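Open the model in your viewer and keep the selection panel at hand. The tour goes stop by stop, with something to select at each.

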Amino acid sequence: MSRIELKHIDKFYGDNHVLRDINLVIEDGDFMTLLGPSGCGKTTTLRVISGLEKPQNGTMTIDGEEIINAADAYFAPPSKRGLNLVFQSYALWPHMTVRENIAFGLKIKKLSKEEINKRIQDALRMMRIEEYIDRYPNELSGGQQQRVAIARAVASNPQLLLLDEPLSNLDARLRVDMRSELQRIHKELGTTIIYVTHDQVEALTMSTKIALFKAGELSQVAPPMELYMNPIDLQAADFIGNPRINFLEGKARREGSKMYVSCELEDYVFDEQDFTNETIPEGEFACVVAIRPEQIHIDTQPGAGRIPVQVYSNQPAGSETLVSLKKGDSHFLSKQIGLAHYKLDQEVYVTVAPEKINVYNAETTRLIKRAR
Ligand SMILES: Nc1ncnc2c1ncn2[C@@H]1O[C@H](COP(=O)(O)OP(=O)(O)OP(=O)(O)O)[C@@H](O)[C@H]1O
Ligand SMILES: [Mg+2]
């Protein structure tokens, strides 16, 4: 069991307010990813959880037991927290081989020799580095060292595994492989994992939940597909998804249970069953219509409900084709599965399912109409 709860955490470095009122619950068994751009406070949050940093305000509990109470200046030492950490800087002991690096912590736990050997083998196999067992860290590449550091953390069978950008030194292919290994480790060990990355694909593919940061604040905590389908504000929408979501400026007006939205692409009527809890302004107001590139379907022939647009550019990439489209002054991107060939300036016809569209209040930047 390990359920972690952070409440009202503030962290300052001098005058720099780097964590602002962080409230976050990590349930037992979660794979919680802290996601956000560089400098937004991800590592600092992990350091607070691990006990390497003391926040100025707030509390933290593990399974209800108080670990931090800033008001009472109470901070349980890292050794009391039952955590295991792999940091961006994955310091291995240079005078020890891979085997000894991993065995060290296990010997302290007084495990039997057989158990230690088994855990070392298992962990190295999961990270695909069995053949390096007798090497010293300086005989390994950065990516291999990083995998040893993960193996070392995994071998200790921690209740809670904290990983700070553990795949940052790996090449693209290995990173994809390691994503699936980490997913399996999470499932097989049943460990709660808190994982830091600025890579949204890592976050979307591995996590059970994502905590999205924006400049020291948490903007949204949600399962990956909810975050992808319904980003809570324009910044979150802009950050999640590659290629980026399309934003079209529009005007909106609510009448009873309906909201009428118009933008350069089309006019829509949405029903209140898809509204969020955000207050919708009186009268006409500026909105932003957000459409994922994969939701814009292209036909070469006109037809009912199809909107004529112009091809601005065409980027076939084998398994998919990105097509940049233009209507009036608006540009937007469509993603087609497979190879497609369009001529520049060709007229094509697009359709977008209204239920897949997000609408934001342009002034507050908040989501007012959900996709489903
Ligand atoms: N020891 C420190 N002293 C002073 N400021 C710090 C210290 N550590 C971090 N900061 C500042 O706190 C803010 C958050 O840093 P943090 O390391 O948590 O960011 P991050 O989200 O992990 O970024 P990255 O993706 O680049 O690792 C940054 O503005 C950083 O400059
Ligand atoms: Mg960091």
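Start at Leu234. Setting aside neighbours within four places in sequence, select its contacts: Val288, Tyr360 and Thr365. Contact here means that two C-beta atoms, placed from the backbone, lie within 7 Å.

A word on the ground rules. This is a predicted model, in which local features need pLDDT of at least 70, side-chain atom pairs count only at pLDDT 80 or more, and totals for chains, interfaces and linings use all residues. Residues are numbered from 1 along each chain as its sequence is written, while chains are lettered from A and ligands numbered from 1 in the order in which they are written.

Stay on Leu234. Leu234 sits in helix α8 (residues 234-239). Helices are DSSP runs of H or I with at least four residues, strands are E runs of at least two, and both are numbered from the N terminus. Is Leu234 buried or exposed? Leu234 counts as buried because it has 20 C-beta neighbours inside 10 Å. The cut-offs are 20 or more other C-beta atoms within 10 Å for buried, 12 or fewer for exposed, and partly exposed in between, with C-beta atoms placed from the backbone.

Next, colour by domain. The assignment gives domain 1 (4-230) and domain 2 (239-369); such bounds come from an automatic or database domain assignment. Their C-alpha centres lie 38 Å apart. Four residues of domain 1 touch six of domain 2. On the domain 1 side, two are nonpolar, two polar and none charged.

Now the largest nonpolar core. It has 94 residues, and Ala123, Ala151, Ile194, Val289 and Val359 touch the most other members. Helix α4 (residues 142-155) provides the largest share, seven residues. Domain 1 and domain 2 each supply at least three. A core is a set of buried Ala, Val, Leu, Ile, Met, Phe, Trp, Tyr and Cys residues joined through C-beta atoms within 7 Å. Zoom in on Ala123: beyond four places in sequence, its contacts are Ile102, Ala151, Val154 and Ala155.

Last stop: ligand 1. Select the residues around it, among them Tyr13, Asn16, Lys42, Thr43 and His198. Which helix gives the most to this shell? That is α1, with three residues. Both β2 (16-26) and α1 (42-50) supply at least two. By class, the shell holds three nonpolar, eight polar and one charged residue.

Methods. Near = placed C-beta within 6 Å. Nonpolar A, V, L, I, M, F, W, Y, C, P; charged D, E, K, R; others polar.
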